[in-house]
Amino acid sequence: MKNHKLSRQMMAAPYTAWIILFIVVPLGMVFYYGLTDKTGAFTLENVLDIMSAEHAKALWYALGLSLISTLICFLLAYPLAMILADREGNAKLNRHSLILLIFILPMWMNFLLRTLAWQTLLEKTGVINRILEFFHLPSLQIINTPYAIILGMVYNFLPFMVLPIYNALVKIDPNVISAAQDLGANRLQTFLRITFPLSLGGVISGITMVFIPALTTFVISKLLGGSKILLIGNVIEEEFTLASNWHLGSGLSIVLMLFIILNMVVSAIFDKEGEGNML
Amino acid sequence: MKKWFAMAGLCMASVLALGGCGNSASGKNGQVIVYNWGEYLDPETITMFEEETGIRVVYDEFETNEIMYPKVEAGATSYDVICPSDYMIQKMIANDMLAELNFDHLPHAKANIGQQYWEQSREFDPENKYSVPYCWGTVGILYNKTMVEEPIDSWSVLWDEAYKDNILMQDSVRDAFMVGLKLNGYSMNSTDAAQLEIAKNALIQQKPLVQAYVIDQVRDKMIGNEAAIGVIYSGEAIYTQRENPDLEYVIPKEGTNVWIDSWVITKDAPNKENAEAFINFMCRPDIALMNFEYITYSTPNDAARELIEDEDIRYSEIAFPDLKQYANLETFQYLGPEADEMYNELWKEVKSE
């Protein structure tokens, strides 16, 4: 019995080492830098600097854009997930694996390349505008605006919304739906009172998985926003890479972490089934 | 599910295979780790260096001086050779991060680099002990003749409402503030809070007209007719003109930045002798010529300039301007940590506006 326990600990050792090296230690460093000043003395100044005009603005911008993106992702993803989960339709055509493949395929390409591709598509003289011009349609001028950033967020993070919702929907026992229909519920009632509440866990996981990367991104705003719109992610990135002020960068990261933890607490309350864990 | 595993396995295998290449053993005479600007030498010259010397080159690139500095300072990778700009070399000397060069190992540098460039280097390396000039140039305005009516000769065109959404600005703090300060007739090395405030307000006022803040992408966007006017390094001008003949480069009358990028060796370089061999190799006339033709940045290597066959290029006003005819040319100085912080703070205010 004792031996068995020991071997289990041995098996777990690599994961423990991994967690300590790449999660606990870096987090400790973030907190150390974030809560000290350049002389190494304790201070809350770096964290409280989020209140300064530029930082607060960058945070509001990031929150606003990521909330809008999350909402759009949800509105696009739910119907798609329902199509994917529709067993009768899928049985004939095997279409669900095809759609899933189409959705996952771009994720095999590098995220930066995909975002750069959008830059080429959206530019003033880019692919989309040339096509519009050919048909004498008005041109699309969204590159280097917040709209382009939202587009980039939705495009990049949509699969993270579709998959958890899909997982939640396929898990619903078809007998539950049949029972609702037998008891006289129409399609809308079935959806609102049975299907949607049962898929809520997936929805919440999806929201978390879209909202957090969108809130913290700095690449999308840089590439598609022309560096004109400073999100909180950009501020933090530039504190590290340009200003070499790791203390302020870490302090602001701690603030961002609070939002992430808040979001995760909310999802933990709803997502007891763990639909989001498949990814 | 089986298929999934197969695909995942395939991906993993290819990643491992790629990773494996990067880890191959160093050359028979060791290695040298080089940290240079993006697209700042002809890759062929590295292959030649490796073949001739048996020293393997580990090559890494950066986009701005400000991105390079913290990486070197943190010491995560011990780079041997770096190619920073003037003010950054001054900062690295001030912070004791550079090694003195042994010029006995650098005969090509002594023989081929023009005297005037050594003199110019004294502004940041007073005794010419730490750096060997590699490229130099100016910062100016690149404009598209088909989109701009009047002749351009001033930074003020970057504030002209007519070019709204058609202007590309440099996304790096010192270059951006150089424009704002020069426009108002101040030194680009100003540390005067009032002058910097004026420059900041000018940049904020300009922001609605700016299409994007970019660095290397100015080149591609100007070639692709994305914008009418862009702030650009002179070295990119010849290349862009080659690709798009409608483009014209001008040094504004208010003056601008004359910069030098030089090879330096870090204080704790693990391969100092190989590093010197690398710098010396880069100063060989034929190699300097290959690099000039590849990157089109002005070379301080007089012997290489003599070898340029195309007379238009050898006497080009863009590549080799006679600097005496321009007023108010300056070279960036390292301004100390407080001024650095002030610049960064003001730049953040501009960017978040």
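In the predicted model described here, the buried residues of helix H10 (residues 234-243) of chain B pack against strand S4, helix H9 (217-223), strand S7 (229-233), strand S8 (247-250) and helix H12 (285-295) of chain B. Those buried residues are B:Ser234, B:Gly235, B:Glu236, B:Ala237, B:Ile238 and B:Thr240. A residue counts as buried if 20 or more other C-beta atoms lie within 10 Å of its own, as exposed if 12 or fewer do, and as partly exposed in between, with C-beta atoms placed from the backbone. Helices (H or I, at least four residues) and strands (E, at least two) are DSSP runs, numbered from the N terminus. Residues are numbered from 1 along each chain as its sequence is written, and chains are lettered from A and ligands numbered from 1 in the order in which they are written. Because the model is predicted, local features need pLDDT of at least 70 and side-chain atom pairs count only at pLDDT 80 or more, whereas totals for chains, interfaces and linings use all residues.

Chain B contains 15 helices and 9 strands. Of its 353 residues, 45% are buried. The C-alpha atoms of chain B occupy a box of roughly 65 × 60 × 45 Å along the principal axes. Two residues are in contact if their C-beta atoms, placed from the backbone, lie within 7 Å. Among the contacts in chain B between residues at least 6 apart in sequence, 78% join residues at least 24 apart.

Chain B is divided into domain 1 (24-136 + 260-321) and domain 2 (137-258 + 326-352), with bounds that come from an automatic or database domain assignment. The C-alpha centres of the two domains of chain B lie 26 Å apart. Their contact takes 21 residues from domain 1 of chain B and 17 residues from domain 2 of chain B. On the side of domain 1 of chain B that touches domain 2 of chain B, the elements giving two or more residues are helix H4 (86-94) and strand S4 (132-144) of chain B. The largest share of this side, 5 residues, comes from H4(B). The residues of this side of domain 1 of chain B comprise 9 nonpolar, 7 polar and 5 charged; Ala, Val, Leu, Ile, Met, Phe, Trp, Tyr, Cys and Pro count as nonpolar, Asp, Glu, Lys and Arg as charged, and the others, Gly among them, as polar.

A nonpolar core is a set of buried Ala, Val, Leu, Ile, Met, Phe, Trp, Tyr and Cys residues joined through C-beta atoms within 7 Å. The largest such core has 100 residues, of which B:Val81, B:Phe278 and B:Ile279 touch the most other members. S4(B) gives the most to this core, with 8 residues. Domain 1 and domain 2 of chain B both contribute residues, so the core lies between them. Apart from its neighbours within four places in sequence, B:Phe278 is in contact with B:Val32, B:Val34, B:Phe49 and B:Val81. A second, separate core of 50 residues includes A:Ile150, A:Leu163, A:Ile232 and A:Ile236.

Chain A has 13 helices and 0 strands. Of the 279 residues of chain A, 33% are buried, and its C-alpha atoms fill a box of roughly 75 × 70 × 35 Å along the principal axes. In chain A, 75% of the contacts with a separation of 6 or more are between residues 24 or more positions apart. Between the chains, 15 residues of chain A are in contact with 20 residues of chain B. Helix H3 (residues 53-85) of chain A supplies the largest share of the chain A side, 3 residues. That side of chain A consists of 4 nonpolar, 6 polar and 5 charged residues.

The model scores ipTM 0.84 and pTM 0.85. The predictor's confidence in each residue is given by pLDDT, from 0 to 100. Chain A has a mean pLDDT of 89, and 93% of its residues reach 70 or more. Over residues 275-279 of chain A the pLDDT is below 50, yet this stretch has 14 contacts in the model beyond near neighbours in sequence. Chain B averages a pLDDT of 90, and 93% of its residues score at least 70. Among the elements of chain B, helix H1 (residues 2-22) has the lowest mean pLDDT (42) and helix H8 (residues 193-206) the highest (97). Where pLDDT is low, the predicted coordinates should not be read in detail.
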